Amino acid sequence: MKNSFRKTITACFIGYIVQAIINNFVPLLFLTFQSTYRIPLSQITMLVTVNFGLQLLIDLASVTFVDKIGYRASMLIAHICAAMGLLSLAVLPDILPEPFVGILISVMIYAVGGGLLEVLVSPVVEACPTDNKEQTMSLLHSFYCWGHVGVVLISTLFFRIFGIGNWKVLAVIWALVPLCNGILFSKVPIASLIEEGEKGMSVKELAKQKIFWVFMLMMLCAGASEQAVSQWASTFAEKGLGVSKTVGDLAGPMAFAILMGTSRAFYGKYGEKIDLDRFMAGSSILCMASYLCISLIPSPVIGLIGCGVCGLSVGIMWPGTFSKAASSVPRGGTALFALMALAGDLGCSSGPTVVGMISGAFGDDLKKGILAAICFPVLLLLGIMICKTD
């Protein structure tokens with residue numbers, strides 16, 4: 001029976017690659033949108049806000065409908081939206097009077113898919129009858145990192161060979177990934193997250209459990225710890241190595257993503273020999289050390305190394321918190337995973353915001369901002385200690 005769910009887990013792995021495509025392909029085209037369609041930077045920035053803002057709303061709304069229509073139907077909707085959004089990107093900007101409106105509509109369509117995938121993929125894997133669920137969860141989340149790396153590398157190679165002017169062709173090619181994976185999800189077995197005869201907890205029931213709020217805080221801190229540095233990694237690369245932005249993006253965010261994925265893959269392979277609480281606690285301490293390295297040591301090169309170490313340290317935080325919550329609140333169901341995804345996404349937006357606000361207050365000193373953001377791994381470590389004593 002377990003073997004029959006291998007295709008399900010594989011489809012979930014690809015599901016996170018789809019999410020990586022959604023979040024990381026369009027940002028590669030921002031300058032192209034500016035030059036081709038004369039779209040101002042303020043509107044370009046709005047695309048990012050709408051994408052992640054809509055995903056947050058879907059995280060919250062999914063509590064009300066996923067259990068009613070089922071996981072398979074929800075997965076199919078997610079993949080159809082992801083594919084249609086990417087396909088629309090290649091068509092709508094040229095057929096609508098305002099190209100920006102076409103791009104915005106496309107982003108909104110695939111953001112619905114991204115938000116649903118955030119909520120659905122982890123519980124589908126958690127429900128599969130597999131051994132060592134913590135390892136599988138960690139390996140699952142590593143595929144977002146590999147997807148991020150793949151999107152940047154393949155897109156960069158495509159643009160170098162065929163030219164940036166053919167980006168619409170690449171958008172259609174990327175749309176084939178969710179399209180094919182949606183077909184796969186229409187056939188693979190999907191297990192129930194809740195035991196037969198039981199009912200998943202409501203939001204109100206979850207809210208009454210103290211441990212739930214601890215996990216929500218941990219999830220927020222996991223997202224914030226990751227993005228507080230990830231968003232600024234390119235800047236450190238450019239300053240530290242004195243290279244162009246293109247090379248800086250490869251040395252900064254790419255290195256961050258590779259090391260974060262390596263951490264998750266490592267636990268996915270050797271997790272049965274490693275205590276999850278100790279691994280998460282050690283990662284939190286390493287994350288604090290990387291923040292101190294970035295913010296207090298004057299050498300830009302050491303700061304860049306600190307960014308890489310931070311990527312390595314935050315890898316287990318998100319999937320580890322998911323696994324701990326699933327085992328501690330076994331009847332949490334869809335509501336638990338949806339709200340955890342919501343907390344994580346809030347963390348992803350609040351981490352860079354804290355860094356930006358503190359940096360601005362100190363004359364745009366990024367190091368001051370990142371030093372202030374050390375509160376996130378500190379709180380995460382506190383949450384791990386509370387869970388152990390609960």
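By helix I mean a DSSP run of H or I, at least four residues long, numbered from the N terminus. Quick housekeeping: this is a predicted model, where local features need pLDDT of at least 70, side-chain atom pairs count only at pLDDT 80 or more, and totals for chains, interfaces and linings use all residues. Residues are numbered from 1 along each chain as its sequence is written, and side-chain values use heavy atoms, leaving out hydrogens and water.

Back to our rings. A pair of aromatic rings is described by the distance of the centres and the angle of the planes. Rings of Phe, Tyr and Trp (its six-membered ring) pair if their centres lie within 6.5 Å; planes under 30 degrees apart are stacked, over 60 edge-to-face, and the rest tilted. That rule gives ten aromatic pairs here. Phe212 and Trp213 make an edge-to-face one, with 5.1 Å between centres and 70 degrees between planes. Phe266 and Tyr270 are tilted, at 5.2 Å and 50 degrees. Ring pairs also link Phe266, Tyr267, Tyr270 and Phe279 into a cluster.

Phe266 is partly exposed at 38%, and Tyr270 is partly exposed at 35%.

Leaving aside neighbours within four places in sequence, Ile274 is in contact with Phe266, Tyr267 and Phe279; contact means heavy atoms within 4.5 Å.

Now for Thr334, in helix H16 (residues 333-361). Thr334 is buried, with a relative accessible area of 3%. Its side chain makes a polar contact of 2.6 Å with the side chain of Asp67. A polar contact is a pair of N or O atoms within 3.5 Å; within protein, one must be able to donate a hydrogen and the other to accept it, and residues adjacent in sequence count only if both atoms are side-chain atoms.

Last stop, helix H6. Of the 29 residues of H6, 24 are buried, so the rest of the structure largely encloses this helix. H6 also has a kink of about 30 degrees centred on Leu117, where the bend is the angle between axes fitted to the seven residues ending there and the seven starting there.

Terms used:
Helix = DSSP H or I, 4+ residues; strand = E, 2+ residues; numbered from the N terminus. Buried < 20%, exposed > 50% of the residue type's maximum accessible area, 1.4 Å probe, protein only.
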